[in-house]
Amino acid sequence: MGKSEVIDILNELVVVNNDRIEGYETASEISGEIELKNMFAEFAQTSHKCKRELMEVVLSLGGSMATGTKTTGKFFRAWIEVKSALIEKDRKTVLESCGYGEEKALETYREAIREEAQHLTTEQQTIIGAQYASIKSDYERLKSMNRTLEIA
């Protein structure tokens, strides 16, 4: 596998982070709840950090960083559900929809870690692994919040 294939793998993760940034920045703007607004802003910052790190690696390989989001498919539907739920002030649906989006992001990272690891340098694997852990931490926070709602 050459540099261009590695750049493609990394750019797929950039797109995932673009999706998270767009989704969480929108959710933060729409949400009327300070707790959710702050949490969503933090999650967007997680992806801004991930994106910067990926950009550095892509550029060091001589590639161009991917722009845009996955405007079709599962990510997009999840964020549409988040927007609708926020407008309706349905906190449980918001958290469930965000959780679904996080599951898709984590799935993409797991695929890069498991299926593409042999093509990545140790440094690249370390970066992707740390980013996976950060996004998983955000996901666990969402799940915890959702469990709190179920108990209440």
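Predicted model: local features only at pLDDT ≥ 70, side-chain atom pairs only at ≥ 80, totals over all residues.
Residues are numbered from 1 along each chain as its sequence is written, and side-chain values use heavy atoms, with hydrogens and water left out.

Trainee: What pattern does the chain follow along the sequence?

Mentor: Helices (H or I, at least four residues) and strands (E, at least two) are DSSP runs, numbered from the N terminus. The chain has 5 helices and 0 strands. Read along the sequence, the pattern is α-α-α-α-α.

Trainee: What percentage of the 152 residues in the chain is buried?

Mentor: Buried means under 20% relative accessible area, exposed over 50%, and partly exposed in between, with a 1.4 Å probe and protein chains only. By that criterion, the buried share of the 152 residues is 45%.

Trainee: Are H1 and H2 roughly parallel or roughly antiparallel?

Mentor: Axes are lines fitted to C-alpha atoms, for helices over the stretch in contact, and angles run from 0 to 180 degrees between N-to-C directions. The axes of H1 (residues 3-30) and H2 (residues 34-60) come within 8 Å and cross at roughly 160°. Angles under 35 degrees count as roughly parallel, over 145 as roughly antiparallel, 65 to 115 as roughly perpendicular and the rest as oblique. The crossing angle therefore makes H1, relative to H2, roughly antiparallel.

Trainee: How do the residues of the contact of H1 with H2 divide by class?

Mentor: Ala, Val, Leu, Ile, Met, Phe, Trp, Tyr, Cys and Pro count as nonpolar, Asp, Glu, Lys and Arg as charged, and the others, Gly among them, as polar. On this scheme, the contact of H1 with H2 comprises 15 nonpolar, 7 polar and 5 charged residues.

Trainee: Are H2 and H4 roughly parallel or roughly antiparallel?

Mentor: The axes of H2 and H4 come within 13 Å and cross at roughly 15°. H2 is therefore, relative to H4, roughly parallel.

Trainee: Which residues in H4 are met by residues in H2?

Mentor: Contact means heavy atoms within 4.5 Å. On the H2 side stand Glu35, Leu36, Met39, Phe40, Cys50 and Leu54. Their partners in H4 are Arg91, Val94, Leu95, Cys98 and Tyr109.

Trainee: How far apart are the C-alpha atoms of Tyr24 and Phe43?

Mentor: Tyr24 lies in H1, and its 0% relative accessibility counts as buried. Tyr24 and Phe43 are 19 residues apart along the chain. Their C-alpha atoms are separated by 6.6 Å.

Trainee: Which residues does Ile135 contact, leaving aside neighbours within four places in sequence?

Mentor: Ile135 lies in H5 and is buried, with a relative accessible area of 0%. Ile135 and Asn17 are 118 residues apart in sequence and 9.6 Å apart in space, C-alpha to C-alpha. With those neighbours left aside, the contacts of Ile135 are Asn17, Arg20, Thr46, Glu102, Ala105, Leu106 and Tyr109.
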